Amino acid sequence: KAVGGVASSMKRKLRGLYRYTSPDGIHWKIKDPIPLFRDGFGMDSQNVLAWLPSENQYAIYLRVWTKDKPGDSVLLKGVRTIARSVSKDFVNWSQPQRMDFGGTEIEDLYTNATQPYFRAPHLSIALPFRFSPNEVVLSPEKMKTLEITKTMQTGISDAVLMTTRGGNRYERKFLESFIRPGLNEKNWAARSNIPALGIVPTGKDSMSIFVTRAYGTADCHIERLSLRLDGFASLHAGFNEGYAITKPVKLKGRQFLLNYSTSTRGYVKVVLLDQNGKEIPGFSQADANLNRGDQIDQPVTWKEKTVADLKGKVVRIKFIIKDADLYSFGIF
């Protein structure tokens with residue numbers, strides 16, 4: 001299944017988002033000649049389809065504009081942003097609702113690339129192409145030397161990291177750039193640095209993102225960027241030991257796994273606390289074994305107990321970290 005459409009700048013009778021189906025992913029046919037969301041949505045961008053296992057439904061994350069309204073004859077007004085429509089059957093779709101960004105500044109998000117993360121499908125990763133349409137970095141002389149096409153000489157862009165756990169809310173924990181233009185000056189013109197859809201596993205301990213580079217030049221190409229699994233961000237500690245404590249969580253699994261990287265002097269310890277913050281016997285700091293090295297799915301151990309002994313209990317997890325990065329944890 002897929003969705004695709006005609007930009008709002010085309011003839012009004014054609015514009016809209018259409019559904020497509022294919023038996024093999026190669027040969028496609030339109031499912032219905034009547035488009036979805038015909039009026040009020042300037043969808044001249046990457047409108048993406050996702051199956052959300054945690055919600056047991058399809059979702060389309062589509063590009064809209066903040067000041068467009070249903071029935072408008074002229075679209076593309078305001079700031080580029082994102083809306084979501086959902087369906088249980090790929091036939092009947094909800095009216096698109098604009099996504100909320102947790103009170104953060106509304107920025108021009110040209111594309112969104114929202115897809116469930118293959119390691120944790122209840123969590124979707126979005127890598128929007130953030131656009132500053134009126135900014136210019138390169139001089140006119142430099143643009144001429146680099147042979148950047150005229151229509152791409154105004155505007156600069158990068159990519160940012162967002163997540164969603166379903167519903168109409170994105171979490172923007174990080175406002176900083178996630179993928180920068182970098183050293184290649186051709187990436188500092190408009191519409192470069194656009195992530196393609198999805199994060200792809202490319203090894204037992206790595207994953208990749210594919211990004212458009214040098215857009216607007218004869219050298220336009222796709223570049224592969226690689227990360228360790230779960231390596232979007234980390235809880236980092238310097239040489240002085242520090243700690244972080246989670247909100248209360250209910251333990252349902254039998255094994256506690258860590259994804260971390262330490263120095264030769266660094267480590268990660270895991271301590272389990274009751275809801276009042278008191279160490280649970282058998283899972284105290286004195287009972288916790290050191291986790292040292294560089295591991296993706298390292299089982300956490302204590303001297304005598306296992307996490308299975310607390311199955312069904314509500315605890316808070318205390319991570320004690322020195323000269324290390326903690327990327328993720330999971331209880332299975």
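# Note on the predicted model

1. Tyrosine 170 is buried, with a relative accessible area of 0%, where buried stands for under 20%, exposed for over 50% and partly exposed for what lies in between, with a 1.4 Å probe and protein chains only. Because the relative accessibility of tyrosine 61 is 1%, this residue counts as buried too.

2. Some conditions come with the reading. This is a predicted model, in which local features need pLDDT of at least 70 and side-chain atom pairs count only at pLDDT 80 or more, while totals for chains, interfaces and linings use all residues. Residues are numbered from 1 along each chain as its sequence is written, and side-chain values use heavy atoms, with hydrogens and water left out.

3. Of the contacts (heavy atoms within 4.5 Å) between residues at least 6 apart in sequence, 60% join residues at least 24 apart.

4. The structure holds 15 aromatic pairs, a pair being two rings of Phe, Tyr or Trp (its six-membered ring) with centres within 6.5 Å, called stacked if the planes are under 30 degrees apart, edge-to-face if over 60 and tilted for the rest. One of them joins tyrosine 61 and tyrosine 170 in a tilted arrangement, 6.3 Å centre to centre with 40° between the planes. This pair links distant parts of the chain, since tyrosine 61 belongs to strand E5 (residues 57-65) and tyrosine 170 to the loop between strand E13 (162-164) and strand E14 (194-195), 109 residues apart.

5. Phenylalanine 178 and phenylalanine 232 form another tilted aromatic pair, at 6.4 Å centre to centre and 35° between the planes. Phenylalanine 178 lies in the loop between E13 and E14, and phenylalanine 232 in the loop between strand E17 (221-228) and strand E18 (235-237), so the pair ties together parts that are 54 residues apart in sequence. With 23% relative accessibility phenylalanine 178 counts as partly exposed, whereas phenylalanine 232, at 14%, counts as buried.

6. The largest nonpolar core has 24 residues, and those with the most contacts inside it are Phe256, Leu258, Val270, Leu272, Trp302 and Phe319; such a core is a set of buried Ala, Val, Leu, Ile, Met, Phe, Trp, Tyr and Cys residues joined through side-chain atoms within 4.5 Å. Strand E21 (256-273) and strand E23 (314-331) each supply at least two residues of this core, and the largest share, eight residues, comes from E21. A second, separate core of 15 residues includes Ile179, Ile199, Phe232 and Ile296.

7. One aromatic cluster is formed by Phe256, Phe283, Trp302, Phe319 and Phe329.

8. Lysine 318 lies over the face of tyrosine 243, at 4.5 Å from the ring centre, and the charged end of lysine 322 is over the ring of phenylalanine 239, 3.5 Å from its centre.

9. The largest pocket holds about 1500 Å³ of space, and of its 38 lining residues the closest to the centre are Leu123, Arg165, Tyr327, Ser328 and Phe329. E10, E13, strand E19 (242-245), E21, strand E22 (294-299) and E23 each supply at least two residues of that lining, with E23 giving the most, seven residues. On a 1 Å grid over the protein atoms alone, a pocket is an open set of points with protein on both sides within 12 Å along at least five of seven lines, a cavity is a set where a 1.4 Å probe fits but cannot get out, and lining residues have an atom within 4 Å of a point. Points are joined across faces, edges and corners, and a volume is the space filled by probe spheres set on them.

10. A search of the whole structure finds two cavities of 30 Å³ or more, and the largest cavity has a volume of about 40 Å³. Its lining includes Leu52, Tyr61, His122, Leu123, Thr164 and Arg165, and strand E10 (residues 120-126) gives the most to that lining, with four residues.

Methods
A charge sits over a ring if NZ of Lys or CZ of Arg is within 6 Å of the ring centre and within 35 degrees of the ring normal.
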